[in-house]
Amino acid sequence: MTKPSRYDRIAFVASPSSDAEAALHQLSTQYGNCDPSEADVVVALGGDGLMLQTLHQHMRSGKPIYGMHRGTVGFLMNEYSTHDLRTRLEAAHESEINPLLMRATDTNDRVHLHHAINEVYLFRQTSQAARLRILIDERERMPELIADGIIVATPAGSTAYNLSAQGPILPINAALLALTPISAFRPRRWRGALLPNTAYVVIEVLEDDKRPVAAVADHEEVRRVRRVEILSDKTISMRMLFDPGHSLEERILREQFGY
C-alpha cells in the first residue's frame, strides 16, 4: 500500500507575470489546486516579493510555504520544475522564522501595528537627514544618529535591504537582529550593531516637525512617525520549505562568500 503523503493537498498561488501564470495552470492541471484553508502546503510561484506576500497572508496558519522561482529575484525560492512535486515537498528541509512586530506612533499620536518578515526601517521623508535616538531594552545606546535612516533586519532579511546598506549577513538560525544605519553622517564611522533577537528596540525621531521620517515594515509604510518600537514576535512561527542542498541556511552561507 502506498504511504499517504503529508502534502496530498496543495494550494498554488502565483504572481501576475506570464511565467508564473503559465506555471500555475500547468501545476494545477497536474496536481490539482486546493483552497489554501484546506491545504497541507502552499506553493508560491513567483519571486521573493510573492513569497513575502504569501508568508504574510498565511502568517498565523502554521502551514508550510514552498516557493518556486518564476519571478525576478528568487533568493527565497526553489528551482522551478513540474516533475514529482510531492516527492520534492516530502524531501524538503524546513526553516522556521519569527517576524518582527513594529509599533509605530505617528505625530498625531495614532498607533500603527505591522509585522515584518525581512526588516523594519526608518527613512527620511525630505531632503534633510533624519535625527534619531536609539534605545535598546529601555537603555539609551545612541543619543543621536544623523543619517538617511536605520534598519532592523531579521536573519531572513539580512541579505535584502540590510545587505545593500552594508549590513551583516546573519545565518538563518542565529538568535540575532542586525541594526544597520543607512548612509550615516554622524557618528561617521558607526557601522551598526548585532542585537539578540530578544531585544526591545525603540527609535525616537528628533525634530519630527522639521525632519519628518517614515517607518516601513516590509511593504507597510507609516508616514511622519515620532516613535517606533520593534521586537521579534515569538508568538508567530512561519515554516518555509527548501530543497536539500538549497536550504535558506546554505544560501545565506554562500552569500557570505560572494557567490
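## The open sheet

Five strands, in the order β1-β2-β3-β16-β4, form an open sheet of mixed pairing; two strands count as paired if DSSP finds at least two bridges between them, and strands (E, at least two residues) and helices (H or I, at least four) are DSSP runs numbered from the N terminus. The edge strands, β1 (10-14) and β4 (93-97), each pair on one side only. Neighbouring strands of this sheet are turned by 30° against each other on average, direction ignored; axes are lines fitted to C-alpha atoms, for helices over the stretch in contact, with angles from 0 to 180 degrees between N-to-C directions.

This is a predicted model, in which local features need pLDDT of at least 70 and side-chain atom pairs count only at pLDDT 80 or more, while totals for chains, interfaces and linings use all residues. Residues are numbered from 1 along each chain as its sequence is written, and side-chain values use heavy atoms, with hydrogens and water left out.

Within the sheet, β2 (residues 41-46) and β3 (residues 65-69) pair in the parallel sense over 5 bridges. Leu45 has Met68 as its bridge partner in β3.

## Helix α1 on the sheet

Helix α1 (residues 18-31) packs on the sheet and touches β1, β2 and β3, contact meaning heavy atoms within 4.5 Å. The direction of α1 makes about 165° with that of β1. The 14 residues of α1 should span 20 Å at 1.5 Å a residue, and the end C-alpha atoms are 20 Å apart, which agrees; the expected span is 1.5 Å times one less than the number of residues.

Ala20, Ala23, Leu24, Leu27, Ser28 and Tyr31 are the buried residues of α1; buried means under 20% relative accessible area, exposed over 50%, and partly exposed in between (1.4 Å probe, protein chains only). Seen down the axis of α1, these buried residues fall within an arc of 125°, so they line one face of the helix; the arc is that of the directions from the helix axis to the C-beta atoms. Their cover includes β1, β2, β3 and α3 (85-91). On the other side of α1, Ser18, His25 and Thr29 are exposed. Just after the helix, Gly32 takes a positive phi of about 80°.

Met238 lies in strand β16 (residues 238-242) and, at 4% relative accessibility, counts as buried. Leaving aside residues up to four places away in sequence, Met238 touches Leu55, Met59, Ser95, Glu96, Ile97, Asn98, Pro99 and Ile117. The C-alpha atoms of Met238 and Gly62 are separated by 6.3 Å, although these residues are 176 residues apart along the chain.

Strand β16 also takes part, with β4, in covering the buried residues of α5. In α5 (residues 248-256), the buried residues are Leu248, Arg251 and Ile252. Seen down the axis of α5, they fall within an arc of 95°, so they line one face of the helix.

## The nonpolar cores

The largest nonpolar core has 30 residues, of which Leu122, Leu132, Ile150, Val225 and Val228 touch the most other members; such a core is a set of buried Ala, Val, Leu, Ile, Met, Phe, Trp, Tyr and Cys residues joined through side-chain atoms within 4.5 Å. Elements giving two or more residues to this core include β5 (100-106), β7 (119-124), β9 (139-153) and β15 (225-232). The largest share, 5 residues, comes from β9. Apart from this core lies another, of 25 residues, among them Val13, Val42, Leu55 and Leu248.
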